[in-house]
Amino acid sequence: MTALTAPSADAFWAASLRRWNTVCWVLFGAMAVGLVTTAPPGGSKYKALALLSCVVLCYAVLDRFPRNPVVRPQAYLSVLVLALGGLAYLGSSYAALFMVTLPHYWMFGRTPRASMGFLGLATGATVAGSLVRQGWSAEFFGETLVSTLIVVAVGVLIGLWAHSVVAQSSERARLIEELERTQARLSEAHQRQGAADERERIARDIHDTLAQGFASIIVLAEAARAGMSEDPARSAQQLRSIESTARENLAEARELVASAGQPGPGREESGSVAQTLRRTLDRFAEDTELTVDADLSDLDCDQQTRIALLRCTQESLANVRKHARASTVGVVLVRRPYGVELEITDDGAGFVVDESTGFGLDGMRKRLAELGGRLTVTSSVGDGTRVLAVIPMADEVGA
């Protein structure tokens, strides 16, 4: 037996041994009574009782003290083989003992090879003892040899069947245990992946909202400080923009904490997507004094699409503010047969798209990919930048 199948097999044979133990003691007692009452007087009677007593004593020690260092299962089976041979030679109850102890070869042999080996030795000892006593006679062939072989054949079939059942049960138990371990590992992996996805989503939301707001506050504060003496009115307007942006960031932070980043009844949900983008563009034009040309179709879309379009717009405008050095920004929102299309262009310095390593563009791509959309960025140094976001609508996704 392998290490994996041994525990189940041990439990099976232990349970079988406990059930057969009671039967054995009754049968051993009946055999002893039979020898005392039916066996002819003489030395052979006492020799038979002595052999039976050796078997019973070894079995009792093994049953009562299964871990004793002297009478081990193999030692008991060896004594049983010798006792069967001796009883067969004496002609006293060897057949009854053979049948009573037949299950012991499979219980104590533990493996099919060992069980078959001890059973073969017992069969040989029984046949040899009977042959010495009876000789090559018709009685030996007709009664002893044939009956012994029949009993052994039945015992072999039952034992092999029992071992097969145990092996199949052990294999099923092993597979079930392996399946449970695999399910546990998958569950842990799903939990880790879910936690990683949640961290990434929160990081993306913080980048798209709080981080952009803080960057805007820094730029406005620097501009207000620089123009405070020369253009107080402009500085005052910039301070009001700082206050407004700070309040919006505070509301964003509260929403992220309270509802895991899902939009509440804030600015993302108020009005249509065109109105939401228009407010964002107006604030951007006011803060940067850039020219913003907007063509925004009034579209009816779900909340996730509205948020994705807003975040893409905010990230693109933040990149224009920080890197583009542009004078004009164009924004087009339109419904196409294949979905919603948002295009944001600028006439700024441009950049090499393949060399861009910022978190913003990657976050935009992932956000759109979650909705089945895609992001296309076209730019070159000196030629401005074009950002195109496409999100399929629900009916297009279903189609």
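Leaving aside neighbours within four places in sequence, Gly373 is in contact with Leu368, Val390, Ile391 and Pro392 (contact meaning heavy atoms within 4.5 Å). The structure is a predicted model, in which local features need pLDDT of at least 70 and side-chain atom pairs count only at pLDDT 80 or more, while totals for chains, interfaces and linings use all residues. Residues are numbered from 1 along each chain as its sequence is written, and side-chain values use heavy atoms, with hydrogens and water left out.

Gly373 sits in the loop between α10 (359-370) and β4 (374-379). Helices (H or I, at least four residues) and strands (E, at least two) are DSSP runs, numbered from the N terminus. Ile391, one of the contacts of Gly373, lies 18 residues away in sequence. In space, the C-alpha atoms of Gly373 and Ile391 are 4.3 Å apart. Gly373 counts as buried because its relative accessibility is 17%. The classes rest on relative accessible area: buried is under 20%, exposed is over 50%, and partly exposed is in between (1.4 Å probe, protein chains only).

Charged pairs were examined next. Side chains of opposite charge can pair when their charged atoms come close. A search of the whole structure finds seven salt bridges, each defined as a side-chain nitrogen of Lys or Arg within 4 Å of a carboxyl oxygen of Asp or Glu. Among them is the pair Arg174 and Glu178, with the closest N and O atoms 3.1 Å apart. Both residues belong to helix α6 (residues 138-226). Arg174 and Glu178 are four residues apart, about one turn of the helix. Arg174 is partly exposed, at a relative accessible area of 22%. Glu178 is also partly exposed, at 35%.

Glu177 forms a salt bridge with Arg181. Here the closest N and O atoms are 3.2 Å apart. Glu177 and Arg181 lie in helix α6, again with a spacing of four residues, about one turn. Glu177 has a relative accessibility of 44% and so counts as partly exposed. Arg181, at 40%, is partly exposed.

A further salt bridge joins Glu188 to Arg192. The closest N and O atoms of Glu188 and Arg192 are 4.0 Å apart. Because Glu188 and Arg192 are four residues apart in helix α6, about one helical turn separates them. Glu188 is partly exposed, with a relative accessible area of 42%. Arg192 has a relative accessibility of 53% and therefore counts as exposed.
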